[in-house]
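Please look at the model below before reading the numbered points.

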Amino acid sequence: VSAPTRDRPPAAPAAGGAARRPRRLALEPRQEVSRAVLVAVPVLAVLLALTVSALFLRLTGHDPLTVYRVMVRASFASRFGIADTLVSATPLILTGLAALVSFRVKLWNIGAEGQLYLGAVAAAGVALLVGERLPTSVNVVLMIVAGALGGMIWIAIPALARAWLRTNEIITTLLLNSVALLFINWLIFGSRSIWRDPDSGQFPQGHRIPAAAEFPRFGTTRVHLGLLVALLAALVIWFVLTRTRFGFRMRVLGDSEDAARYAGVPVRGMVLAVLLLSGALAGIAGAAEVGGLSRRLDPASLAIGLGYAGIIVAALARLNPGGVVLVAVLLGGVRNAGTALQSLPDRVPMEVAVMLEGAILLFALGSEVLVRYRIRWPWERPPDDDGGEAT
Amino acid sequence: VNDSVLAFTLAAAVAAGTPLALAALGELVTERAGILNLGVEGMMLLGAVTTFLVASATGSTALAMLAGAAAGAALALAHAMLSISLRANQIVSGLALVIFGTGLSTYLGRPVEGVPLPPGARLGRWSLPWLQDLPFVGRVLFQQDLVVYATWVLTALIALYLFRTRPGLSLRAVGESPATADAMGLRVNAIRYVHTVAGGVLCGVAGAYLILARVPAWSQAATTNGIGFIAIALVVFASWRPWRALVGAYIFGLALRANFALQAAGVTAIPAEFLAMAPYLLTILVLIALSASDLRHRAGAPDALGLAYVREER
């Protein structure tokens, strides 16, 4: 069984094994992380992503520098550009928070996408049913509550199954995304539901919500109340995580389920509560999209991967609520710039934005290792080279 | 039900299940090594668009399929580097693959969106002599294309490899308990790399097959259509066993095709969208039932699935 392998002695635990191990590139955990590393690593990741995407742009005959210049100008260099970036960032903040709360306790809700659709369905439903007779303030509150409930209903079965039967929530939440997409397609294209505009014959579309249910916008921009809701949610989540007993229990549970159980944390209840909270946040994102942006249940403008992108936002933000807001604005800018690219003379496809988003994520994930570990080069002498094990 | 309608529907189910089976087998091999790769959809899409571009340029089916396999392998290699060497979260890395793969393939495929494949490059039907004349079964199973038959051989080979060979035993050891495998002298990370990339090859081939045999033209929205995600569920459904994955893929293929068959037969009582939900809901029910009966552990989920192995931190 113990056939010798090329790079390690046959009997690893034998005395002196560690000392004889050949020197090579290795990673060792960092004890503390300096501020410079925390800033340099994400910058490096973005630069690498831009370089790789530039390669693909060059290969397909576009000038990368022009493309990037247009993207920056479109998203970050003018008042309206910044406003549109914030509009794109709004749902990303909320879905980012949805991923954050579940990932913090090592629960993997991959279903923010579907929960967002159901939140949109619920919010649009409330607006269409009672919106006309109520003042805007009441409508907004009702729609947000409905959105949260819609998201919670959609995650309820995976959450209950996870809490009581330990059913893998990755797969159940993931599959429900496809079901949710089929469901909203059915509401608009396959049925005569209240969500469908009765006057749209040949090309069915969502029924526009009453004016009294539209989220107010700021000035002449498209930035809407949803942004405030999202920022408030980030603040609340930060508070809950750092200042409440619930947040403390989340931390204990995230570190070790056994420890949590011994410490008297009601594990099932916490699992259920955290997943429901995650679903509610994603649902609110759907409500804000309907109330503030599309103003109808519109499958095409909802199904743009906002839930999946939220997972990226949370990961890049290292599960930090303030970081979620920052990363969401950055990714919102990248997404927003996609449309501007099509106005270029050589018609750069807007999917450059999606490609760039994926590349940033891949490099950010890869470079994250530099934050957690430091590289020990082959020529460096490891600190415990002939200590410990060798005795 | 009319005999020939049934045979036709079942044959269509086998054809529709084949890309699913290929992708699920790839994911199965990867997961057996303890690596969870949720990026199947991305690998399939990139495989599909690469296949299409190479087929259009060269007209060669074999070259195109090779290119698709290589594209899937390249993405899988990125996942392996991230999750094995750089110890990134496998779930997030897999989803990054989906987003990057979708973005890149849509970008590359934009100029050829809706363009049909050159007719010479399409994978033709290749009926098996003798067998195709069998009553009923012949029409269902043996009047298909080469890839369908190759999938059966592949399933047998993977089953043999996993359960009857020493490297297969090593693979399972790495997936169940990397620390033990390491102590036995197995090179855990090398084994994980190889099988993650092998899984990517199969997912790339699944995408290639979609383009060469299933869909009439490249279209980002209509090529994979979520098959990659069903494939991931299928692995659980099949409790990490190759033959069950193949049969499961055909059952899902039937569910995908039943939609069309029922509509063609004039059954409109159930909306098409609800029929299309059936495979997903079925999988969720099976998953819940499995965990309720506590079969999951014995059913073969690799113990170390989704966990990075760091020798110093074990």
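1. A term is needed before the pair is described. A crossing of two helices is called right-handed if the near helix is turned clockwise from the far one by less than a right angle, and left-handed if the turn is anticlockwise.

2. The model is predicted. In chain A, helix α4 (residues 79-104) packs against helix α14 (residues 321-341). The crossing of α4(A) and α14(A) is right-handed.

3. Two packed helices are described by the angle between their axes and the distance between the axes. For α4(A) and α14(A), the angle is about 135 degrees and the axes lie 6 Å apart. Angles over 145 degrees count as roughly antiparallel and those from 65 to 115 as roughly perpendicular; the two helices are therefore oblique to each other.

4. Which residues of α4(A) and α14(A) meet? On the α4(A) side they include Gly81(A), Ala89(A), Leu92(A), Ile93(A), Gly96(A) and Arg104(A). On the α14(A) side, Pro321(A), Val325(A), Ala328(A), Gly332(A), Gly333(A) and Asn336(A) are among them. Sorted by class, this contact has 12 nonpolar, seven polar and three charged residues.

5. The secondary structure of chain A comes to 15 helices and two strands. The C-alpha trace of chain A spans about 80 × 60 × 40 Å along its principal axes.

6. Chain A has 391 residues, and 53% of them count as buried. The chain exposes about 17900 Å², of which carbon and sulfur atoms supply 64%.

7. Among contacts in chain A with a separation of 6 or more, 76% are between residues 24 or more positions apart.

Methods
Residues are numbered from 1 along each chain as its sequence is written. Chains are lettered from A and ligands numbered from 1 in the order in which they are written. This is a predicted model: local features need pLDDT of at least 70, side-chain atom pairs count only at pLDDT 80 or more; totals for chains, interfaces and linings use all residues. Side-chain values use heavy atoms; hydrogens and water are left out. Axes are lines fitted to C-alpha atoms, for helices over the stretch in contact, and angles run from 0 to 180 degrees between N-to-C directions. Helices (H or I, at least four residues) and strands (E, at least two) are DSSP runs, numbered from the N terminus. Angles under 35 degrees count as roughly parallel, over 145 as roughly antiparallel, 65 to 115 as roughly perpendicular and the rest as oblique. Contact means heavy atoms within 4.5 Å. Ala, Val, Leu, Ile, Met, Phe, Trp, Tyr, Cys and Pro count as nonpolar, Asp, Glu, Lys and Arg as charged, and the others, Gly among them, as polar. Buried means under 20% relative accessible area, exposed over 50%, partly exposed in between (1.4 Å probe, protein chains only). Accessible areas come from the Shrake-Rupley method with a 1.4 Å probe; for residues, only the protein chains shown count as cover.
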